[in-house]
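Please read the following account alongside the coordinates. It moves from charged pairs to the chain as a whole and then to helix and loop surroundings.

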Amino acid sequence: MSEETSLSGLVKAQFPQWVLGAHQYCGDETLLIKREGLLEVCRFLRDDPRTAFNFLMDLTCVDYLTFGKRLESMPTTTTPSPLPYFMKPKPVAETWQRSGDGARFEVVYHLYSHTHTRRLRVKVPVGVADAVVDSVTGLWKAADWFEREVWDMFGIRFAGHPNLKRILMY
């Protein structure tokens, strides 16, 4: 998939001021955007016929507090092969890295387009000092519960959320 035909290329061309980066893994694209442009980019992704992401599959958060500091969170792991144990599989090295500017959190949106049958991951870096992101409940009603869960578990507030109250923690 070339840069011109990719989703990330389309969004970069439309919103160069908001896109921090993009990458692709296993056929799915990931966009890293500034939180100030979240609503504008998401509205475009939902409403533009070339994208038509009409379904918010998931909204979650990643906490990078101990990323790379403990053995189990080191950025290189070995994935076992699906071969039987007696065939002595060769491990495949997988690497991943943090995106963004070293912000502690990333709010992650998993979008799906029924029209084009494709997925897109949108990540928004969020720091500890100002842990606020705009709510996307006006775009996707399913965000209501997801945003409440992220707020409850990670403390990230969603500006404009209609009913931000606890659902898991007392």
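Arg50 has a relative accessible area of 45% and is therefore partly exposed. In this predicted model, Arg50 takes part in a salt bridge with Asp48, and the closest N and O atoms of the pair are 2.9 Å apart. Asp48 itself counts as buried, because its relative accessibility is 14% and the limit for burial is under 20%. Side chains of opposite charge can pair when their charged atoms come close. The structure holds seven salt bridges in total.

Another of these bridges joins Arg104 and Asp63, with 2.8 Å between the closest N and O atoms. Arg104 lies in the loop between E5 and strand E6 (105-113), whereas Asp63 belongs to strand E3 (residues 55-63), so the pair ties together parts that are 41 residues apart in sequence. Both partners are partly exposed: Arg104 has a relative accessible area of 26%, and Asp63 stands at 31%.

A further salt bridge is formed by Arg166 and Asp152, whose closest N and O atoms are 2.5 Å apart. Here, too, distant parts of the chain are linked, since Arg166 is in the segment after strand E9 (157-159) and Asp152 is in helix H3, 14 residues apart. Arg166 is partly exposed at 42% relative accessibility, while Asp152 is buried, with a relative accessible area of 7%.

These pairs are set in a protein chain with three helices and nine strands. Along the sequence, the elements follow the pattern α-β-β-α-β-β-β-β-β-β-α-β. Of the 170 residues in the protein chain, 37% are buried. Among contacts between residues at least 6 apart in sequence, 56% join residues at least 24 apart. The protein chain exposes about 10200 Å², and carbon and sulfur atoms supply 55% of this area.

The average pLDDT is 85, and 77% of the residues score at least 70. Helix H2 (residues 38-47) has the highest mean, 98, and strand E5 (residues 92-95) the lowest, 53. Where pLDDT is low, the predicted coordinates should not be read in detail.

Helix H3 spans residues 143-154 and includes Phe146. Which residues does Phe146 touch, not counting those up to four places away in sequence? The partners are Leu56, Met57, Asp58 and Leu59. Asp58 is 88 residues from Phe146 along the chain, yet their C-alpha atoms are separated by 7.1 Å. With a relative accessible area of 18%, Phe146 is buried, because burial requires a value under 20%.

Met153 is also found in helix H3, but it counts as partly exposed, at 45% relative accessibility. Together with Phe154, Leu168 and Met169, Met153 makes a nonpolar surface patch of about 370 Å².

The loop between strand E8 (132-134) and H3 contains Thr137. This residue is buried, at 9% relative accessibility. A polar contact of 3.0 Å connects the side chain of Thr137 with that of Ser135. Beyond its neighbours within four places in sequence, Thr137 is in contact with Ala143, Asp144 and Glu147, and also with Gly160, His161 and Pro162.

Technical notes:
Residues are numbered from 1 along each chain as its sequence is written. This is a predicted model: local features need pLDDT of at least 70, side-chain atom pairs count only at pLDDT 80 or more; totals for chains, interfaces and linings use all residues. Side-chain values use heavy atoms; hydrogens and water are left out. Helices (H or I, at least four residues) and strands (E, at least two) are DSSP runs, numbered from the N terminus. Buried means under 20% relative accessible area, exposed over 50%, partly exposed in between (1.4 Å probe, protein chains only). Contact means heavy atoms within 4.5 Å. Patches are made of residues with over 30% relative accessible area and no salt bridge: like charges are joined within 9 Å, nonpolar side chains (Val, Leu, Ile, Met, Phe, Trp, Tyr) within 5 Å. Accessible areas come from the Shrake-Rupley method with a 1.4 Å probe; for residues, only the protein chains shown count as cover. A salt bridge is a side-chain nitrogen of Lys or Arg within 4 Å of a carboxyl oxygen of Asp or Glu. pLDDT is the predictor's confidence in each residue, from 0 to 100. A polar contact is a pair of N or O atoms within 3.5 Å; within protein, one must be able to donate a hydrogen and the other to accept it, and residues adjacent in sequence count only if both atoms are side-chain atoms.
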